[in-house]
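Please go through the model below with attention to how its parts are divided and how they touch one another. The report that follows takes up these topics in turn.

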Amino acid sequence: MSTSAIFILDVKGKVLISRNYRGDVEMGLIDKFLPLLMEKEEEGNLTPLLQTSGCTFMYIQHQNLYIVSVSRNNANAAMVFSFLHKIVQVMSEYFKEIEEESIRDNFVIVFELLDEMSDFGYPQTTESKILQEYITQEGHKLETAPRPPPAVTNAVSWRSEGIKYRKNEVFLDVIESVNLLASTTGNVLRSEIVGSIKMRVYLSGMPELRLGLNDKVLFESTGRGKSKSVELEDVKFHQCVRLSRFENDRTISFIPPDGEFELMSYRLNTHVKPLIWIESVIERHAHSRVEYMIKARSQFKRRSTANHVEVVVPVPADADSPKFKTSVGSVKYVPEQNVLIWSIKSFPGGKEYLMRAHFGLPSVTSEETEGKPPIQVKFEIPYFTTSGIQVRYLKIIEKSGYQALPWVRYITQNGDYQLRTN
Amino acid sequence: MTDSKYFTTTKKGEIFELKSELNSEKKEKKREAVKKVIASMTVGKDVSALFPDVVNCMQTDNLELKKLVYLYLMNYAKSQPDMAIMAVNTFVKDCEDPNPLIRALAVRTMGCIRVDKITEYLCEPLRKCLKDEDPYVRKTAAVCVAKLHDINASLVEDQGFLDQLKELLSDSNPMVVANAVAALSEINEASSSGVPLVEMNTQTINKLLTALNECTEWGQVFILDSISNYSPKDEREAQSICERITPRLAHANAAVVLSAVKVLMKLMEMMAPDADFVVNLSKKLAPPLVTLLSSEPEVQYVALRNINLIVQKRPDILKNEMKVFFVKYNDPIYVKLEKLDIMIRLANQSNIAQVLSELKEYATEVDVDFVRKAVRAIGRCAIKVEPSAERCVSTLLDLIQTKVNYVVQEAIVVIKDIFRKYPNRYESIISTLCENLDTLDEPEARGSMIWIIGEYAERIDNADELLESFLEGFQDESTQVQLQLLTAIVKLFLKRPADTQELVQQVLTLATQDSDNPDLRDRGFIYWRLLSTDPAAAREVVLADKPLISEETDLLEPSLLDELVCHIASLASVYHKPPSAFVEGRGLGSSRRALPTRSGSQDILESSPTHGERSGVIPTQESLIGDLLTMDLGGPPVASSVPAAPFASSGLDLLSGGLDGLLSDSPSVPPQQAAAAAAPSVGLLGDIFGLAPSASASYIAPKQMWLPAARGKGLEITGTFSRRNGQIQMEMTMTNRAMQPMMQFAVQLNKNSFGLVPAAPLHVVSPLAPNQSYEAVLLLNPTGPVQRMEPLTNLQVAIKNNIDVFYFAVVMPMNIFFAEDGQMDKRVFLSTWKDIPAANEVQYTINNVNLSADAVSSKMQQNNVFTIAKRNVEGQDMLYQSLKLVNGIWILSELKMQPGNPTLILAVKTRAPDVSTGVNTAFDAILHS
């Protein structure tokens, strides 16, 4: 049901650190990992799972490291992968960057973490805030040795007791990312909004929070069906939120972790007009040149403005001598990514801008055919949500009875925003 | 300051230097030294020589240092079991430490030291820790019970730890409950009898559901996975469990979501499919599944493989979500391919236009594998959604116009399938296809094109010329193409006998005289004979109407699908294979999962573990036959724990498809099944084998001289090995040829390949008077330390008496290691046979055996070699047999015998080919006994 051992390997497959949890696999087995991975890659059927001699490797890649789990039995694959990503997350919070260097520099801590985060291959405490309370960089004398914080085994396993702030504040960021996939003919194949509510909580004690949104299901059940509300299609909550309570009466109630975290995410499949629409005309004259005419149109309200807009247009790898012409913003060629980037600092709603680009092409073409990467757009629109979601209230109740201020920000940005090209 | 400095070492006398540092008086220096040792260990250097010195540092007041020493112990204790005992005292003391962190650390580490002697000392501290006041210690102790069970299962049962663990299920702390449940599930899974040691009941499930709301995300996964093994007593209970689990679908952790989906999918089986409850639940399942597609790519992949199962089991859930499976440019290739597969499954008349335009887009991508799959997908759409066939064909024609070599080839392969599915509809495009003849260089594409030409020979004016052009390089073609060409030319001849006689002569000659391939030769001869004796019959055979290919050919076989649904989120669900197909060793086959049934009787609801029981009872046979019958009749999928043969339909197809060739069947048979059908399965199908219940008359080699009196200072030993009632025995005749009495006998075995150790001390009558003989029997258990010997079956024995110690080596017959539970399930046998690489197959000949197949079978059965199937091919009897060694290695074998010919051909296949020779020797000995 679980992981037999965890390995952290460098890019050449050398073991940086390993932890044998169950003693039922030969630790030398890991030498087969990279050859197997390369073999599969060559055959073109690489998956994140590799099978060998009755064992399964499940691995993820982070920077230049492989984090590999070995299982002998019918392990819960979803759990193993989630756990591997969690390891990366915890270590990143401990050492900022995790890479060969930082693993080596902190091998004692890494061992301690691996020991604490999983027992016999079963994930245990993986909240880095809580871990940091008793696994620290300094060596301890036994008399003063840390004890397991109550949070490790408490029902509230994500927050420690006795937190104090002079000023009690909560910041709420409602961030909506727009995912878009448009076909070459300009049809929107898929558009969805992935929203997330991120919180930064600086509150003393054990506060009880309740968040009110203009949730359609809630409004309808309480007879406010007429007010403006949003239908959240799939909501995912941080583990602090009482899920059964939400299921019963759509109340979002929770004791928050300290500091920064993502409270919830949601998804909406509503068909919205693409916020920034791109029309492109690409004329390829084989062996001589390629010309681009890119038109960008903002299709949101005039009151709003998109900031830091970047239109990323793929160009052939062998293109040279770029020439650009645009009325707004600036264009640069990024040969290492084979793209040109058209940046517009500020893009008000209801406008349309044009950019032309010209590249030379070599007379000899390379054998390799290139893919057809899509045009991608990056943007940020503050004070605006596509879905119309609103935070109606955030109630904060703590037994000491302090007053706390919630601050709310709204922002809409691009998610996976792709427009296919010819 | 960083730890990396510990990795830099002086080369010379490193160990020596560390030793002195470890024994230093200065605490700081000591600590630095331990860190250096651990650093060396981390990079794979052997620092086990420092064991005593490191263990000496264990009694420290520094927590960090203690942890490092513990880590060292875990790594090396196994190699130094005697010295590891030194550490026991400190462990026991630490288990009493006032700091719960240290108590937990000690009990956690002790459980990881897999040394028997240590395990004994673990029991008392563990018992206390299970009742510790601190939940942190209790939750660690709960997992430790599972560790201990893994090392010594009977100890756990004898010491009553299972009951203590059960009590923890009612613990006030949710994390303790979660770990206890994880430990119990693991123990149940490993149970050798196949019967869960701890049964869940309504009360425990209720406690778990309460803890579910409060424990960590991982704990929720343990609990959900455990609930998924529980079968509610009625529909009401199932509903209430569903209601309490549904909120988990909104959890941010993908593992929690998938485990919840597993429970819901399983419990929904117990309810009427059109009940409001089920309809509502189905609606609730779609959004979280879709959201999983925005997780990390690896998690996405697991989710997609599971969605693939869910879509097959309950197509309604995601029927409106086609668009979310559209491929994105930056998806990893494994995600792309899975999405493609699901798209086809979801394709129907209403969304086919969208799907096709997407597929066409993908077919112009650059990734060759992906493009190929996309083209194939178009063909599958055509076959699946009939009204779209025309659209698909024109899309394929467009793609052929691109002249991209591999696109054209794939397109031709799928067009052949479309022709078969819709005969006489699209033949107008044949001329376009013929234009691309020259570009085809892959066997499958060539074969497909040839099939098309042969099939429509009467409409293609120059069919003879085209086929003739292929014939020129006949010898260089692959078998697949040769077979196609042979059949196609025969078809052509039957359609246009006037001008193609020469051609057919030519191909028949090539096939029958110039080829070494038996399949090709045989087919050539059959055609030849048919054509020469009865052309009308030939017509009927060769040009017979082909059976239609079915629409959903790539679906998993229903009983397998049901089993996999019970394993959602696990590796089995990702591999689409039952766990028994890839998990080796204990617990195998003991707990095949089955979906509960709606109105069915209570006993079906149990996860029917009985089939995993000891062999010799032939448990699965009747039910297997029953299952085959229902399958053939197209009966509804029965939730059954017995695997139905997945090849039933394909086997039929092959037979009725007749001579028309393997290739033309391929569209209707997914590759996995096709391979199974090509393998011995066809023969397996009809075979019902009768096995005699296992008798105890297993083969025992005659005694051999092990220790001549001259070498044994008067002690003479002759001996042999036997396996009686599952017990390995060493049987020795000890004779005193000396003048003085002998006494104080003792025996010791060196470490050996199978870990044999004496189960009891050697008993010899004492004193053994001069010229007296004694028949000594030494019981052996395969539970000791393992060390590879050369040959594998070598055993070094030391016998001591009052005179001296005598050493000798003997070779054990392999058959004493053949375990009683070595009967493999038919289907598992097939898939295992396929899974083991051909390189592992070894062939032997066994001479001078004058036994019938049945006699061989029963003889082998007495020695725990189980016949899985018998079939007769061209007068030869083939026996497929399985056996399992006591160390869990499975061995599959094929015995080929011709009546009247005393020479047998034995092919042995196993993942551990080292044992093959020993197996051969054993077979030889058994058959000659």
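## Domains of chain A

Into which domains is chain A divided? In this predicted model, chain A falls into domain 1 (5–140 + 148–152), domain 2 (169–272 + 386–419) and domain 3 (276–362 + 372–382).

Taken over C-alpha atoms, the centres of domain 2 of chain A and domain 3 of chain A are separated by 33 Å. Seven residues from domain 2 of chain A and ten residues from domain 3 of chain A take part in the contact between them, and the side of domain 2 of chain A that touches domain 3 of chain A comprises three nonpolar and four polar residues, with no charged residues.

## Contact between chain A and chain B

How many residues does each chain bring to the contact? Chain A contributes 73 residues and chain B contributes 83 residues. On the side of chain A that touches chain B, the largest share, six residues, is supplied by helix H2 (residues 77–95) of chain A. Sorted by class, that side of chain A holds 34 nonpolar, 24 polar and 15 charged residues.

## Chain B as a whole

Chain B contains 38 helices and 13 strands, and of its 929 residues 48% are buried. Among the contacts in chain B with a separation of 6 or more, 66% are accounted for by residues 24 or more positions apart.

## A helix pair in chain B

Two packed helices are described by the angle between their axes and the distance between the axes. Helix H24 (residues 443–455) of chain B packs with helix H26 (residues 479–495) of chain B at an angle of about 5°, the axes being 8 Å apart. Because angles under 35 degrees count as roughly parallel, H24(B) is roughly parallel to H26(B).

On the H24(B) side, the residues making the contact include Ile450(B), Trp451(B) and Ile453(B), while on the H26(B) side they include Val481(B), Leu485(B) and Leu492(B). By class, the residues of the contact of H24(B) with H26(B) are eight nonpolar, five polar and four charged.

An unreviewed UniProt entry places the feature "domain: Beta-adaptin appendage C-terminal subdomain" at residues 818–928 of chain B. Over residues 818–928 of chain B, the chain is 29% helix and 33% strand, with the end C-alpha atoms 18 Å apart.

Why is helix H36 (residues 826–835) of chain B described as largely enclosed by the rest of the structure? Eight of the ten residues of helix H36 of chain B are buried, so this helix is largely enclosed. The buried residues in H36(B) include Val828(B), Phe829(B), Leu830(B) and Trp833(B), and also Lys826(B) and Arg827(B).

Note on methods: Residues are numbered from 1 along each chain as its sequence is written. Chains are lettered from A and ligands numbered from 1 in the order in which they are written. This is a predicted model: local features need pLDDT of at least 70, side-chain atom pairs count only at pLDDT 80 or more; totals for chains, interfaces and linings use all residues. Domain bounds come from an automatic or database domain assignment. Two residues are in contact if their C-beta atoms, placed from the backbone, lie within 7 Å. Ala, Val, Leu, Ile, Met, Phe, Trp, Tyr, Cys and Pro count as nonpolar, Asp, Glu, Lys and Arg as charged, and the others, Gly among them, as polar. Helices (H or I, at least four residues) and strands (E, at least two) are DSSP runs, numbered from the N terminus. A residue is buried if 20 or more other C-beta atoms lie within 10 Å of its own, exposed if 12 or fewer, and partly exposed in between; C-beta atoms are placed from the backbone. UniProt positions are given in the numbering used here, feature names are shortened, and annotations may be inferred rather than shown by experiment. Axes are lines fitted to C-alpha atoms, for helices over the stretch in contact, and angles run from 0 to 180 degrees between N-to-C directions. Angles under 35 degrees count as roughly parallel, over 145 as roughly antiparallel, 65 to 115 as roughly perpendicular and the rest as oblique.
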